[in-house]
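Welcome! The report below walks through it part by part.

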Amino acid sequence: MPMPPHADDAAWSDFLAGSPPLRRDGASLQGQLLRHLRAGILDGRLPAGSRLPGSRALADAVGVSRNTVTAVYELLGAEGFIAAGRQGTRVAALPRLRTSPADVRVARAPVLSERAMRIPRRAATADDTLAFRPGVPALDHFPAGTWKRCMDKAMAAHGDTLLGHGDPFGEPALRAAVLRHLTLSRGVRATPEQVVITTGAQEALGLCVRLLADAGDAGWIEDPGYRGAQQAFAAGALDVTACPVDDAGIVIADEAWQARSPKLVYTTPSHQYPLGSVLSAARRLALIEKATSHGTWIIEDDYDSEFRRSGESIGAMQGMLPDAPVLYVGTFSKTLFPALRMGFMILPEALRPVMAPVLAELLRGGRRVEQLALADFIHGGGFGRHLSAMRRLYRQRRDALQEALATQLSVPHRITGGDSGMHLSLHLPAHVPDRRLAFMAREHGMAPEPLSAFASSAHPTCNGLVLGYGNTDASRMKALVRSLATLIERAVTR
(Lines give C-alpha, C1' and ligand atoms only; values in the text may rest on other atoms or scores of the structure.)
Protein backbone atom coordinates (compact mmCIF):
# COMPACT_ATOMS: atom_id res chain seq x y z
CA MET A 1 0.00 0.00 0.00
CA PRO A 2 1.33 3.52 -0.72
CA MET A 3 1.81 5.92 2.16
CA PRO A 4 -1.14 8.31 2.62
CA PRO A 5 -0.20 11.97 2.73
CA HIS A 6 -0.01 13.85 6.03
CA ALA A 7 0.36 10.72 8.17
CA ASP A 8 2.64 11.84 10.99
CA ASP A 9 3.62 8.48 12.43
CA ALA A 10 6.54 6.51 11.04
CA ALA A 11 4.83 3.27 12.04
CA TRP A 12 2.27 3.85 9.32
CA SER A 13 5.00 4.17 6.71
CA ASP A 14 6.50 0.82 7.67
CA PHE A 15 3.11 -0.84 7.99
CA LEU A 16 1.68 0.32 4.67
CA ALA A 17 4.89 -0.37 2.81
CA GLY A 18 4.83 -3.97 4.01
CA SER A 19 1.12 -4.60 3.42
CA PRO A 20 -0.09 -6.22 0.20
CA PRO A 21 -2.28 -4.16 -2.14
CA LEU A 22 -6.01 -4.65 -1.95
CA ARG A 23 -7.26 -7.26 -4.42
CA ARG A 24 -9.73 -6.18 -7.08
CA ASP A 25 -11.10 -9.67 -7.80
CA GLY A 26 -14.54 -9.16 -6.30
CA ALA A 27 -13.50 -9.71 -2.67
CA SER A 28 -14.84 -7.14 -0.22
CA LEU A 29 -12.49 -4.13 -0.11
CA GLN A 30 -13.87 -3.20 3.27
CA GLY A 31 -13.19 -6.67 4.63
CA GLN A 32 -9.63 -6.73 3.23
CA LEU A 33 -8.74 -3.34 4.70
CA LEU A 34 -10.29 -4.28 8.03
CA ARG A 35 -8.25 -7.50 8.23
CA HIS A 36 -5.00 -5.69 7.28
CA LEU A 37 -5.43 -3.04 9.97
CA ARG A 38 -6.59 -5.50 12.63
CA ALA A 39 -3.62 -7.79 11.92
CA GLY A 40 -1.18 -4.85 12.09
CA ILE A 41 -2.48 -3.87 15.51
CA LEU A 42 -2.40 -7.42 16.87
CA ASP A 43 1.11 -8.24 15.66
CA GLY A 44 2.55 -4.92 16.87
CA ARG A 45 3.36 -3.31 13.54
CA LEU A 46 0.93 -0.58 14.56
CA PRO A 47 1.87 -0.01 18.20
CA ALA A 48 -0.36 1.56 20.82
CA GLY A 49 -0.65 5.31 20.34
CA SER A 50 -0.04 5.28 16.59
CA ARG A 51 -2.22 7.92 14.98
CA LEU A 52 -4.39 6.83 12.09
CA PRO A 53 -4.48 8.94 8.94
CA GLY A 54 -7.71 10.72 8.15
CA SER A 55 -10.37 8.73 6.35
CA ARG A 56 -10.06 10.76 3.15
CA ALA A 57 -6.24 10.47 3.11
CA LEU A 58 -6.28 6.72 3.62
CA ALA A 59 -9.05 6.28 1.05
CA ASP A 60 -7.05 8.13 -1.58
CA ALA A 61 -3.88 6.19 -0.74
CA VAL A 62 -5.39 2.69 -1.04
CA GLY A 63 -7.91 3.46 -3.76
CA VAL A 64 -11.21 2.95 -1.98
CA SER A 65 -14.10 5.22 -1.15
CA ARG A 66 -14.05 7.36 1.95
CA ASN A 67 -17.21 5.58 3.13
CA THR A 68 -15.29 2.29 3.06
CA VAL A 69 -12.54 3.67 5.31
CA THR A 70 -15.09 5.30 7.62
CA ALA A 71 -16.91 1.96 7.99
CA VAL A 72 -13.61 0.18 8.77
CA TYR A 73 -12.70 2.76 11.41
CA GLU A 74 -16.14 2.40 12.99
CA LEU A 75 -15.75 -1.37 13.20
CA LEU A 76 -12.27 -1.13 14.68
CA GLY A 77 -13.57 1.37 17.20
CA ALA A 78 -16.49 -0.87 18.13
CA GLU A 79 -14.06 -3.76 18.67
CA GLY A 80 -11.81 -1.60 20.85
CA PHE A 81 -8.78 -1.62 18.57
CA ILE A 82 -8.78 2.17 18.06
CA ALA A 83 -10.03 5.17 20.02
CA ALA A 84 -10.91 8.70 18.88
CA GLY A 85 -9.71 11.72 20.81
CA ARG A 86 -8.81 15.40 20.46
CA GLN A 87 -5.49 14.54 18.87
CA GLY A 88 -7.11 12.30 16.28
CA THR A 89 -7.85 8.59 16.16
CA ARG A 90 -5.12 6.39 17.58
CA VAL A 91 -4.40 2.71 18.16
CA ALA A 92 -5.67 1.67 21.58
CA ALA A 93 -3.40 0.27 24.26
CA LEU A 94 -3.97 -3.48 24.27
CA PRO A 95 -2.47 -6.14 26.52
CA ARG A 96 0.43 -7.93 24.88
CA LEU A 97 1.13 -11.63 25.11
CA ARG A 98 4.47 -12.32 26.71
CA THR A 99 4.81 -15.38 24.53
CA SER A 100 3.53 -15.94 21.04
CA PRO A 101 0.71 -18.46 20.40
CA ALA A 102 3.30 -20.70 18.74
CA ASP A 103 5.45 -20.61 21.89
CA VAL A 104 2.42 -21.51 23.99
CA ARG A 105 1.64 -24.51 21.79
CA VAL A 106 5.20 -25.75 22.15
CA ALA A 107 5.39 -25.12 25.88
CA ARG A 108 2.03 -26.62 26.84
CA ALA A 109 0.10 -29.08 24.75
CA PRO A 110 -3.71 -29.00 25.19
CA VAL A 111 -4.88 -31.33 27.95
CA LEU A 112 -8.39 -32.70 28.22
CA SER A 113 -10.20 -33.11 31.52
CA GLU A 114 -9.81 -36.36 33.45
CA ARG A 115 -13.41 -37.21 32.61
CA ALA A 116 -12.76 -36.76 28.91
CA MET A 117 -9.64 -38.92 29.10
CA ARG A 118 -11.73 -41.77 30.53
CA ILE A 119 -14.03 -41.86 27.49
CA PRO A 120 -13.25 -44.96 25.41
CA ARG A 121 -11.75 -44.28 22.00
CA ARG A 122 -12.57 -46.10 18.82
CA ALA A 123 -11.05 -46.34 15.38
CA ALA A 124 -12.08 -43.82 12.74
CA THR A 125 -15.76 -44.06 11.90
CA ALA A 126 -16.41 -46.23 8.89
CA ASP A 127 -18.51 -45.37 5.88
CA ASP A 128 -22.14 -46.50 6.23
CA THR A 129 -21.88 -48.15 2.82
CA LEU A 130 -19.16 -50.60 3.93
CA ALA A 131 -20.43 -54.15 4.37
CA PHE A 132 -21.02 -55.59 7.83
CA ARG A 133 -21.01 -52.24 9.64
CA PRO A 134 -23.13 -52.76 12.78
CA GLY A 135 -26.06 -50.48 13.45
CA VAL A 136 -26.65 -49.36 9.87
CA PRO A 137 -30.11 -50.19 8.46
CA ALA A 138 -30.97 -50.87 4.83
CA LEU A 139 -30.98 -47.23 3.80
CA ASP A 140 -31.81 -47.98 0.16
CA HIS A 141 -35.07 -49.62 1.31
CA PHE A 142 -36.33 -46.64 3.28
CA PRO A 143 -39.61 -45.27 1.80
CA ALA A 144 -38.20 -41.86 0.98
CA GLY A 145 -41.24 -40.86 -1.08
CA THR A 146 -43.64 -41.47 1.80
CA TRP A 147 -41.32 -39.61 4.16
CA LYS A 148 -41.13 -36.62 1.82
CA ARG A 149 -44.92 -36.45 1.67
CA CYS A 150 -45.07 -36.43 5.48
CA MET A 151 -42.52 -33.61 5.57
CA ASP A 152 -44.43 -31.60 2.95
CA LYS A 153 -47.71 -32.18 4.79
CA ALA A 154 -46.22 -30.88 8.05
CA MET A 155 -44.96 -27.73 6.37
CA ALA A 156 -48.20 -27.16 4.51
CA ALA A 157 -50.26 -27.56 7.68
CA HIS A 158 -48.14 -25.42 9.98
CA GLY A 159 -45.99 -23.22 7.74
CA ASP A 160 -43.57 -20.78 9.27
CA THR A 161 -44.90 -21.41 12.77
CA LEU A 162 -42.57 -24.43 12.80
CA LEU A 163 -39.55 -22.13 12.53
CA GLY A 164 -39.92 -21.00 16.13
CA HIS A 165 -39.02 -22.81 19.32
CA GLY A 166 -41.07 -25.87 20.10
CA ASP A 167 -41.86 -27.78 23.26
CA PRO A 168 -38.52 -28.70 24.89
CA PHE A 169 -39.88 -32.19 25.56
CA GLY A 170 -40.82 -32.68 21.91
CA GLU A 171 -43.87 -32.10 19.76
CA PRO A 172 -46.96 -33.39 21.59
CA ALA A 173 -48.14 -35.21 18.47
CA LEU A 174 -44.91 -37.21 18.28
CA ARG A 175 -44.83 -37.97 21.99
CA ALA A 176 -48.37 -39.35 21.76
CA ALA A 177 -47.54 -41.36 18.62
CA VAL A 178 -44.38 -42.85 20.16
CA LEU A 179 -46.24 -43.85 23.31
CA ARG A 180 -49.11 -45.41 21.37
CA HIS A 181 -46.68 -47.50 19.34
CA LEU A 182 -44.64 -48.60 22.38
CA THR A 183 -47.73 -49.44 24.40
CA LEU A 184 -48.96 -51.81 21.69
CA SER A 185 -45.63 -53.29 20.58
CA ARG A 186 -43.53 -53.26 23.75
CA GLY A 187 -45.99 -53.18 26.64
CA VAL A 188 -44.72 -49.85 27.96
CA ARG A 189 -46.71 -48.23 30.78
CA ALA A 190 -46.68 -44.43 30.68
CA THR A 191 -48.53 -41.26 29.82
CA PRO A 192 -47.52 -38.82 27.06
CA GLU A 193 -46.20 -36.43 29.73
CA GLN A 194 -43.52 -39.00 30.60
CA VAL A 195 -42.16 -39.11 27.02
CA VAL A 196 -39.21 -36.89 26.11
CA ILE A 197 -37.96 -36.60 22.52
CA THR A 198 -34.16 -36.41 22.33
CA THR A 199 -31.45 -35.97 19.73
CA GLY A 200 -30.83 -39.70 19.49
CA ALA A 201 -30.48 -42.25 22.26
CA GLN A 202 -27.00 -40.99 23.12
CA GLU A 203 -28.38 -37.66 24.32
CA ALA A 204 -30.90 -39.55 26.44
CA LEU A 205 -28.10 -41.58 28.05
CA GLY A 206 -26.12 -38.42 28.76
CA LEU A 207 -29.13 -36.75 30.33
CA CYS A 208 -29.75 -39.74 32.60
CA VAL A 209 -26.17 -39.58 33.85
CA ARG A 210 -26.10 -35.79 34.28
CA LEU A 211 -29.40 -35.58 36.12
CA LEU A 212 -29.33 -38.70 38.27
CA ALA A 213 -25.68 -39.25 39.24
CA ASP A 214 -22.77 -37.22 40.56
CA ALA A 215 -19.08 -37.67 39.86
CA GLY A 216 -17.79 -40.66 41.79
CA ASP A 217 -21.19 -42.36 42.10
CA ALA A 218 -21.26 -46.04 41.22
CA GLY A 219 -22.57 -47.08 37.82
CA TRP A 220 -22.92 -50.60 36.45
CA ILE A 221 -22.80 -51.52 32.77
CA GLU A 222 -22.80 -54.73 30.76
CA ASP A 223 -19.49 -56.39 29.84
CA PRO A 224 -19.13 -56.67 26.91
CA GLY A 225 -21.49 -53.83 26.24
CA TYR A 226 -22.50 -50.79 24.25
CA ARG A 227 -19.68 -48.27 23.93
CA GLY A 228 -22.12 -45.35 23.96
CA ALA A 229 -23.10 -46.27 27.52
CA GLN A 230 -19.43 -46.60 28.48
CA GLN A 231 -18.82 -43.13 27.06
CA ALA A 232 -21.80 -41.58 28.84
CA PHE A 233 -20.78 -43.05 32.21
CA ALA A 234 -17.14 -42.04 31.71
CA ALA A 235 -18.15 -38.49 30.72
CA GLY A 236 -20.08 -38.27 33.98
CA ALA A 237 -17.00 -39.41 35.93
CA LEU A 238 -18.89 -42.35 37.44
CA ASP A 239 -17.13 -45.17 39.25
CA VAL A 240 -17.96 -47.84 36.68
CA THR A 241 -18.25 -51.55 37.36
CA ALA A 242 -18.44 -53.87 34.36
CA CYS A 243 -20.92 -56.69 34.97
CA PRO A 244 -20.53 -59.94 32.99
CA VAL A 245 -23.12 -61.15 30.53
CA ASP A 246 -24.21 -64.73 29.86
CA ASP A 247 -26.96 -66.41 27.85
CA ALA A 248 -29.61 -64.94 30.19
CA GLY A 249 -28.30 -61.37 30.15
CA ILE A 250 -26.46 -59.24 32.68
CA VAL A 251 -25.19 -61.08 35.76
CA ILE A 252 -25.32 -59.21 39.08
CA ALA A 253 -24.47 -61.04 42.28
CA ASP A 254 -26.36 -60.24 45.48
CA GLU A 255 -23.05 -59.46 47.18
CA ALA A 256 -22.45 -56.60 44.76
CA TRP A 257 -25.53 -54.80 46.01
CA GLN A 258 -24.36 -55.13 49.60
CA ALA A 259 -20.82 -53.93 48.88
CA ARG A 260 -21.85 -50.70 47.17
CA SER A 261 -25.15 -50.15 45.43
CA PRO A 262 -25.03 -48.17 42.18
CA LYS A 263 -26.82 -44.98 41.31
CA LEU A 264 -27.39 -46.23 37.75
CA VAL A 265 -27.49 -49.60 36.01
CA TYR A 266 -27.40 -49.72 32.21
CA THR A 267 -28.75 -52.76 30.40
CA THR A 268 -30.05 -53.89 27.00
CA PRO A 269 -32.49 -56.56 28.21
CA SER A 270 -34.42 -57.32 25.01
CA HIS A 271 -31.35 -57.82 22.79
CA GLN A 272 -28.05 -57.52 24.63
CA TYR A 273 -25.46 -55.57 22.70
CA PRO A 274 -23.36 -57.06 21.25
CA LEU A 275 -23.96 -60.71 22.26
CA GLY A 276 -27.71 -60.81 21.59
CA SER A 277 -28.94 -62.56 24.75
CA VAL A 278 -32.32 -61.77 26.32
CA LEU A 279 -32.45 -60.85 30.01
CA SER A 280 -34.59 -63.52 31.64
CA ALA A 281 -37.82 -62.64 33.41
CA ALA A 282 -36.38 -63.81 36.73
CA ARG A 283 -33.36 -61.54 36.41
CA ARG A 284 -35.49 -58.62 35.27
CA LEU A 285 -37.74 -58.87 38.30
CA ALA A 286 -34.77 -59.34 40.63
CA LEU A 287 -33.06 -56.27 39.16
CA ILE A 288 -36.21 -54.17 39.56
CA GLU A 289 -36.64 -55.33 43.17
CA LYS A 290 -33.01 -54.62 44.09
CA ALA A 291 -33.03 -51.25 42.34
CA THR A 292 -36.22 -50.24 44.15
CA SER A 293 -34.85 -51.15 47.57
CA HIS A 294 -31.43 -49.52 46.99
CA GLY A 295 -32.59 -46.28 45.33
CA THR A 296 -31.04 -47.24 42.01
CA TRP A 297 -32.29 -46.20 38.57
CA ILE A 298 -32.21 -48.65 35.67
CA ILE A 299 -31.57 -47.41 32.13
CA GLU A 300 -33.25 -49.81 29.70
CA ASP A 301 -31.85 -49.30 26.19
CA ASP A 302 -34.24 -50.87 23.69
CA TYR A 303 -32.25 -50.01 20.59
CA ASP A 304 -33.35 -52.55 17.95
CA SER A 305 -35.69 -55.18 19.36
CA GLU A 306 -38.36 -54.14 16.83
CA PHE A 307 -36.64 -56.51 14.41
CA ARG A 308 -37.32 -59.81 16.14
CA ARG A 309 -37.24 -62.67 13.67
CA SER A 310 -40.35 -64.55 14.80
CA GLY A 311 -43.37 -63.90 16.97
CA GLU A 312 -44.02 -60.76 18.93
CA SER A 313 -41.30 -58.44 20.19
CA ILE A 314 -39.81 -59.06 23.61
CA GLY A 315 -41.70 -56.99 26.16
CA ALA A 316 -40.06 -53.99 27.78
CA MET A 317 -38.78 -54.39 31.34
CA GLN A 318 -40.25 -50.93 31.98
CA GLY A 319 -43.77 -52.31 31.64
CA MET A 320 -43.40 -55.42 33.79
CA LEU A 321 -44.44 -53.71 37.03
CA PRO A 322 -46.17 -50.42 37.77
CA ASP A 323 -43.83 -47.67 38.97
CA ALA A 324 -40.69 -49.62 38.07
CA PRO A 325 -37.52 -47.51 38.54
CA VAL A 326 -36.73 -47.76 34.83
CA LEU A 327 -35.84 -45.03 32.34
CA TYR A 328 -36.74 -46.48 28.95
CA VAL A 329 -34.54 -45.26 26.08
CA GLY A 330 -34.94 -45.84 22.33
CA THR A 331 -33.93 -44.49 18.95
CA PHE A 332 -35.18 -44.19 15.38
CA SER A 333 -31.65 -44.43 13.97
CA LYS A 334 -31.98 -48.20 13.56
CA THR A 335 -35.63 -48.40 12.57
CA LEU A 336 -35.52 -45.49 10.09
CA PHE A 337 -32.17 -43.85 9.29
CA PRO A 338 -29.23 -42.56 11.37
CA ALA A 339 -29.22 -39.01 10.00
CA LEU A 340 -32.66 -38.43 11.53
CA ARG A 341 -30.88 -38.15 14.91
CA MET A 342 -34.04 -38.65 16.90
CA GLY A 343 -34.62 -40.75 19.96
CA PHE A 344 -36.74 -40.76 23.09
CA MET A 345 -36.80 -41.62 26.74
CA ILE A 346 -39.69 -42.41 29.01
CA LEU A 347 -39.33 -41.14 32.54
CA PRO A 348 -40.67 -43.02 35.54
CA GLU A 349 -43.71 -41.20 36.88
CA ALA A 350 -41.91 -40.62 40.19
CA LEU A 351 -39.06 -38.85 38.40
CA ARG A 352 -41.09 -36.74 36.02
CA PRO A 353 -42.01 -33.90 38.41
CA VAL A 354 -38.39 -33.38 39.54
CA MET A 355 -36.70 -33.93 36.18
CA ALA A 356 -39.11 -31.92 34.04
CA PRO A 357 -38.07 -28.43 35.28
CA VAL A 358 -34.39 -29.23 34.74
CA LEU A 359 -34.99 -30.79 31.33
CA ALA A 360 -36.94 -27.69 30.33
CA GLU A 361 -33.77 -25.67 30.92
CA LEU A 362 -31.39 -28.13 29.22
CA LEU A 363 -33.42 -28.95 26.12
CA ARG A 364 -34.52 -26.73 23.26
CA GLY A 365 -37.48 -27.60 21.09
CA GLY A 366 -36.22 -28.09 17.55
CA ARG A 367 -36.51 -30.16 14.38
CA ARG A 368 -40.23 -29.57 14.56
CA VAL A 369 -40.88 -30.40 10.90
CA GLU A 370 -39.18 -33.79 11.24
CA GLN A 371 -40.98 -34.50 14.51
CA LEU A 372 -44.41 -33.78 13.04
CA ALA A 373 -43.52 -35.73 9.92
CA LEU A 374 -42.54 -38.72 12.06
CA ALA A 375 -45.76 -38.46 14.04
CA ASP A 376 -47.71 -38.57 10.77
CA PHE A 377 -45.51 -41.43 9.50
CA ILE A 378 -46.41 -43.45 12.61
CA HIS A 379 -50.11 -42.50 12.68
CA GLY A 380 -50.56 -43.14 8.95
CA GLY A 381 -49.17 -46.68 9.14
CA GLY A 382 -45.96 -45.97 7.22
CA PHE A 383 -43.82 -46.83 10.22
CA GLY A 384 -45.53 -50.15 10.84
CA ARG A 385 -45.32 -51.14 7.18
CA HIS A 386 -41.64 -50.24 7.08
CA LEU A 387 -40.91 -52.30 10.19
CA SER A 388 -42.70 -55.32 8.69
CA ALA A 389 -40.76 -55.02 5.43
CA MET A 390 -37.45 -54.68 7.26
CA ARG A 391 -38.15 -57.71 9.46
CA ARG A 392 -38.53 -59.82 6.33
CA LEU A 393 -35.46 -58.29 4.68
CA TYR A 394 -33.23 -58.68 7.72
CA ARG A 395 -34.37 -62.26 8.20
CA GLN A 396 -33.21 -63.02 4.64
CA ARG A 397 -29.89 -61.28 5.17
CA ARG A 398 -29.34 -62.96 8.54
CA ASP A 399 -30.06 -66.39 7.04
CA ALA A 400 -27.72 -65.74 4.10
CA LEU A 401 -24.94 -64.62 6.45
CA GLN A 402 -25.31 -67.62 8.73
CA GLU A 403 -25.27 -69.99 5.76
CA ALA A 404 -22.16 -68.29 4.38
CA LEU A 405 -20.40 -68.56 7.73
CA ALA A 406 -21.26 -72.25 7.94
CA THR A 407 -20.00 -73.06 4.42
CA GLN A 408 -17.13 -70.61 3.88
CA LEU A 409 -15.48 -70.31 7.29
CA SER A 410 -13.29 -73.27 8.24
CA VAL A 411 -11.82 -71.78 11.43
CA PRO A 412 -13.66 -72.92 14.59
CA HIS A 413 -16.26 -70.36 15.51
CA ARG A 414 -19.48 -69.75 17.41
CA ILE A 415 -22.37 -67.41 16.59
CA THR A 416 -24.49 -65.53 19.12
CA GLY A 417 -27.34 -63.12 18.52
CA GLY A 418 -29.21 -62.98 15.28
CA ASP A 419 -32.65 -63.67 16.76
CA SER A 420 -33.32 -59.96 16.67
CA GLY A 421 -31.83 -56.72 15.42
CA MET A 422 -29.37 -56.22 12.57
CA HIS A 423 -26.18 -57.92 13.72
CA LEU A 424 -24.72 -61.12 15.07
CA SER A 425 -21.49 -61.84 16.92
CA LEU A 426 -18.93 -64.19 15.43
CA HIS A 427 -16.78 -65.65 18.21
CA LEU A 428 -13.31 -66.70 17.08
CA PRO A 429 -10.43 -68.55 18.79
CA ALA A 430 -8.26 -66.44 21.08
CA HIS A 431 -5.26 -66.72 18.74
CA VAL A 432 -7.12 -64.75 16.03
CA PRO A 433 -6.33 -61.04 16.62
CA ASP A 434 -9.78 -59.56 16.15
CA ARG A 435 -8.72 -55.90 16.19
CA ARG A 436 -6.11 -56.49 13.51
CA LEU A 437 -8.66 -58.50 11.55
CA ALA A 438 -11.21 -55.67 11.71
CA PHE A 439 -8.58 -53.19 10.52
CA MET A 440 -7.65 -55.44 7.59
CA ALA A 441 -11.32 -55.88 6.70
CA ARG A 442 -11.75 -52.12 6.21
CA GLU A 443 -9.11 -52.24 3.51
CA HIS A 444 -11.34 -54.74 1.68
CA GLY A 445 -14.65 -52.83 1.86
CA MET A 446 -15.94 -54.32 5.12
CA ALA A 447 -16.46 -52.64 8.51
CA PRO A 448 -17.14 -55.24 11.20
CA GLU A 449 -16.31 -54.26 14.77
CA PRO A 450 -13.85 -56.30 16.87
CA LEU A 451 -15.75 -58.02 19.66
CA SER A 452 -12.95 -57.37 22.13
CA ALA A 453 -13.46 -53.60 21.71
CA PHE A 454 -16.75 -53.89 23.63
CA ALA A 455 -15.16 -55.56 26.67
CA SER A 456 -13.74 -53.74 29.68
CA SER A 457 -10.58 -55.84 29.55
CA ALA A 458 -8.98 -58.47 27.35
CA HIS A 459 -10.55 -61.89 27.75
CA PRO A 460 -10.09 -64.97 25.54
CA THR A 461 -13.83 -65.66 25.41
CA CYS A 462 -14.57 -62.17 24.08
CA ASN A 463 -12.77 -62.31 20.75
CA GLY A 464 -14.24 -62.14 17.28
CA LEU A 465 -16.27 -59.83 15.08
CA VAL A 466 -19.61 -58.06 15.36
CA LEU A 467 -21.11 -58.41 11.90
CA GLY A 468 -23.88 -56.01 10.93
CA TYR A 469 -26.03 -57.25 8.08
CA GLY A 470 -28.63 -54.49 7.89
CA ASN A 471 -26.80 -52.68 5.07
CA THR A 472 -25.44 -55.76 3.25
CA ASP A 473 -27.36 -57.51 0.48
CA ALA A 474 -27.91 -61.25 0.85
CA SER A 475 -26.39 -61.91 -2.57
CA ARG A 476 -23.00 -60.61 -1.36
CA MET A 477 -22.73 -62.68 1.82
CA LYS A 478 -20.91 -65.70 0.41
CA ALA A 479 -18.19 -63.69 -1.32
CA LEU A 480 -17.73 -61.38 1.66
CA VAL A 481 -17.37 -64.24 4.14
CA ARG A 482 -14.92 -65.93 1.78
CA SER A 483 -12.83 -62.75 1.89
CA LEU A 484 -13.09 -62.72 5.69
CA ALA A 485 -11.85 -66.31 5.82
CA THR A 486 -8.77 -65.32 3.80
CA LEU A 487 -8.15 -62.31 6.05
CA ILE A 488 -8.36 -64.51 9.15
CA GLU A 489 -5.58 -66.69 7.78
CA ARG A 490 -3.44 -63.63 7.03
CA ALA A 491 -4.12 -62.05 10.41
CA VAL A 492 -3.00 -65.20 12.23
CA THR A 493 0.20 -65.67 10.20
CA ARG A 494 1.40 -62.05 10.49
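## Where two domains meet

In this predicted model, 25 residues of domain 2 are in contact with 27 residues of domain 3. Taken over C-alpha atoms, the centres of domain 2 and domain 3 are separated by 27 Å. To find your way along the protein chain, note its three domains: domain 1 covers 7–91, domain 2 covers 144–381 and domain 3 covers 385–493.

## The nonpolar cores

The largest nonpolar core has 61 residues. Those with the most contacts inside it are F132, V178, F332, L336, L374, L401 and L467. Helix α15 (residues 382–408) supplies the largest share of this core, nine residues. Because domain 2 (144–381) and domain 3 (385–493) both give residues to the core, it lies between them.

Leaving aside its neighbours within four places in sequence, L374 is in contact with W147, L174, F332, L336, L340 and M342. There is also a second, separate core of 28 residues, which includes L205, C208, I221 and W297.

## An open sheet of eight strands

Next, trace the sheet. Eight strands form it, in the order β3-β10-β9-β8-β7-β4-β5-β6; the sheet is open and its pairing is mixed. At the edges are β3 (195–198) and β6 (249–250), each of which pairs on one side only.

For a detailed view, pick strand β8 (residues 297–301) and strand β9 (residues 326–331). These two run parallel and are joined by four bridges. Across this pair, D301 stands opposite V329 in β9. As a general point, strands of a sheet pair through backbone hydrogen bonds, either parallel or antiparallel.

After α10 comes A237, whose phi is positive, near 55 degrees.

Start with H427, which lies in strand β12 (residues 423–427). Is H427 buried or exposed? With a relative accessible area of 8%, H427 is buried, because buried means under 20%. The side chain of H427 is joined to that of T416 by a polar contact of 2.9 Å. Not counting residues up to four places away in sequence, H427 touches L275, P412, H413, R414, T416, L451, T461, N463 and G464.

The second stop is V411, found in the loop between α15 and β11 (414–417). V411 has 16% relative accessibility and therefore counts as buried. Which residues does V411 touch, not counting those up to four places away in sequence? They are L428, P429 and I488. V411 also shows how the fold brings together parts of the chain: V411 and E489 are 78 residues apart in sequence, and their C-alpha atoms are 8.8 Å apart in space.

Methods: Residues are numbered from 1 along each chain as its sequence is written. This is a predicted model: local features need pLDDT of at least 70, side-chain atom pairs count only at pLDDT 80 or more; totals for chains, interfaces and linings use all residues. Side-chain values use heavy atoms; hydrogens and water are left out. Buried means under 20% relative accessible area, exposed over 50%, partly exposed in between (1.4 Å probe, protein chains only). A polar contact is a pair of N or O atoms within 3.5 Å; within protein, one must be able to donate a hydrogen and the other to accept it, and residues adjacent in sequence count only if both atoms are side-chain atoms. Contact means heavy atoms within 4.5 Å. A nonpolar core is a set of buried Ala, Val, Leu, Ile, Met, Phe, Trp, Tyr and Cys residues joined through side-chain atoms within 4.5 Å. Domain bounds come from an automatic or database domain assignment. Two strands pair if DSSP finds at least two bridges between them.
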